[in-house]
Amino acid sequence: IGVGIVFIIWSIFAIVNNIERAFNIIWQVPKSRAIYRKITDLFAFMLIIPIILILSSGISIFIKTNFNNNEVWMAFSPIINFLIKLIPYIITCLVFSFLYLVIPNTKVRIKNALISGFLTGSIYHIFQFLYINGQIWVNNYSAIYGSFAAFPLLLLWIQALWMIVLLGGEITYASQNLHN
């Protein structure tokens with residue numbers, strides 16, 4: 001168990017280090033953070049972001065299962081219904097904005113992080129919809145082929161997610177440095 005935990009922590013540290021390095025290349029920052037700052041940021045990311053993403057997914061599933069077919073809830077107001085369904089989208093966009101605000105080793109304006117966070121959050125939700133429906137379609141096609149296709153589709157989804165994250169970093173940099 002100890003070796004596994006050390007390996008997971010090292011893997012997460014390496015991933016966060018690579019993400020920071022990629023963002024520093026985008027932002028043209030020559031130096032990285034100090035090691036103690038990397039460790040504190042690592043533990044913050046390990047605790048905060050997964051909890052927020054799980055809450056976002058959980059709220060989305062809860063809303064879809066409990067409120068879609070409830071006539072009493074639908075009678076209240078279409079506007080309230082729309083706003084409740086918007087909560088997971090807003091949480092995801094704020095997570096992306098937080099990522100673009102904190103990761104680069106430079107000062108990022110909140111306005112620019114919010115712009116790219118909401119753009120990449122929108123793109124993320126589109127690709128998430130495509131991924132989930134693609135998984136369902138492949139599993140309906142055949143049980144054998146669906147199980148073989150699950151892992152490559154997951155890898156494709158992870159690749160698309162990181163391209164979305166890097167695109168958001170580029171958008172943040174471009175929107176903050178329009179004069180350059």
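Predicted model: local features only at pLDDT ≥ 70, side-chain atom pairs only at ≥ 80, totals over all residues.
Me: What share of the protein is buried?
Reply: Buried residues make up 29% of the 180 residues. The label needs a relative accessible area under 20%.

Me: Why is the pair of phenylalanine 23 and tyrosine 100 called stacked?
Reply: Two values decide it. The ring centres lie 5.9 Å apart, and the cut-off for a pair is 6.5 Å. The planes meet at 15 degrees, and stacked means under 30 degrees. Both tests are passed, so the pair is stacked.

Me: How do you know that this pair ties together separate parts of the chain?
Reply: Phenylalanine 23 lies in helix H1, and tyrosine 100 lies in helix H4 (residues 78–102). The two are 77 residues apart in sequence, so the pair ties those parts together.

Me: Are phenylalanine 23 and tyrosine 100 buried or exposed, and what decides it?
Reply: Phenylalanine 23 has 1% relative accessibility. Tyrosine 100 also stands at 1%. The limit for buried is under 20%, so both residues are buried.

Me: Why is the pair of tyrosine 124 and tryptophan 157 called tilted?
Reply: The centres are 5.5 Å apart, which is within the 6.5 Å limit. The planes stand at 45 degrees. Stacked needs under 30 degrees and edge-to-face needs over 60, so an angle of 45 degrees is left as tilted.

Me: Which residues form the aromatic cluster?
Reply: The members are Phe23, Phe96, Tyr100, Tyr124, Tyr131 and Trp157. The structure's count of aromatic pairs comes to eight.

Me: What makes arginine 33 and glutamate 20 a salt bridge?
Reply: Their side chains meet at 4.0 Å, N to O. The rule asks for a Lys or Arg side-chain nitrogen within 4 Å of a carboxyl oxygen of Asp or Glu, so the pair qualifies. The structure holds one salt bridge.

Me: Where are the two partners, and why are they called buried?
Reply: Arginine 33 is in the loop between H1 and H2, and glutamate 20 is in helix H1. They are 13 residues apart. Arginine 33 has a relative accessible area of 10%. Glutamate 20 has 3%. The limit is under 20%, so both are buried.

Me: What lines the largest cavity, and how much space lies in it?
Reply: About 30 Å³ lies in the largest cavity. The lining is Val16, Glu20, Arg33, Lys38, Asp41, Phe45 and Ile103. Helix H1 (2–26) and helix H2 (35–66) each give two or more residues. H2 gives the most, with three. By class, the lining has three nonpolar, no polar and four charged residues.

Me: Why is asparagine 112 called buried, and what is it in contact with?
Reply: Asparagine 112 lies in helix H5. Its relative accessible area is 1%. Buried means under 20%, so asparagine 112 is buried. Beyond its neighbours within four places in sequence, asparagine 112 is in contact with Thr172, Ser175 and Gln176.

Me: How do you know that leucine 99 is buried, and what does it touch?
Reply: Leucine 99 is found in helix H4. Its relative accessibility is 14%. The limit is under 20%, so leucine 99 counts as buried. Not counting residues up to four places away, leucine 99 touches Phe23, Ile49, Pro104 and Val165.

Me: What makes the phi of glutamine 28 worth a look?
Reply: Most residues other than glycine have a negative phi. Glutamine 28 is not a glycine, yet its phi is positive, about 60 degrees. Glutamine 28 is in the loop between H1 and H2.

Me: Is glutamine 28 buried or exposed, and what decides it?
Reply: Its relative accessibility is 61%. Exposed means over 50%, so glutamine 28 counts as exposed.

Definitions and conventions
Residues numbered from 1 in each chain as written. Heavy atoms only, no water. 1 Å grid on protein atoms, 1.4 Å probe; cavity = no way out; pocket = protein on both sides within 12 Å on 5 of 7 lines; lining within 4 Å. Points joined across faces, edges and corners; volume = space filled by probe spheres on them. Helix = DSSP H or I, 4+ residues; strand = E, 2+ residues; numbered from the N terminus. Nonpolar A, V, L, I, M, F, W, Y, C, P; charged D, E, K, R; others polar. Phe/Tyr/Trp six-rings, centres within 6.5 Å; stacked < 30°, edge-to-face > 60°. Buried < 20%, exposed > 50% of the residue type's maximum accessible area, 1.4 Å probe, protein only. Contact = heavy atoms within 4.5 Å.
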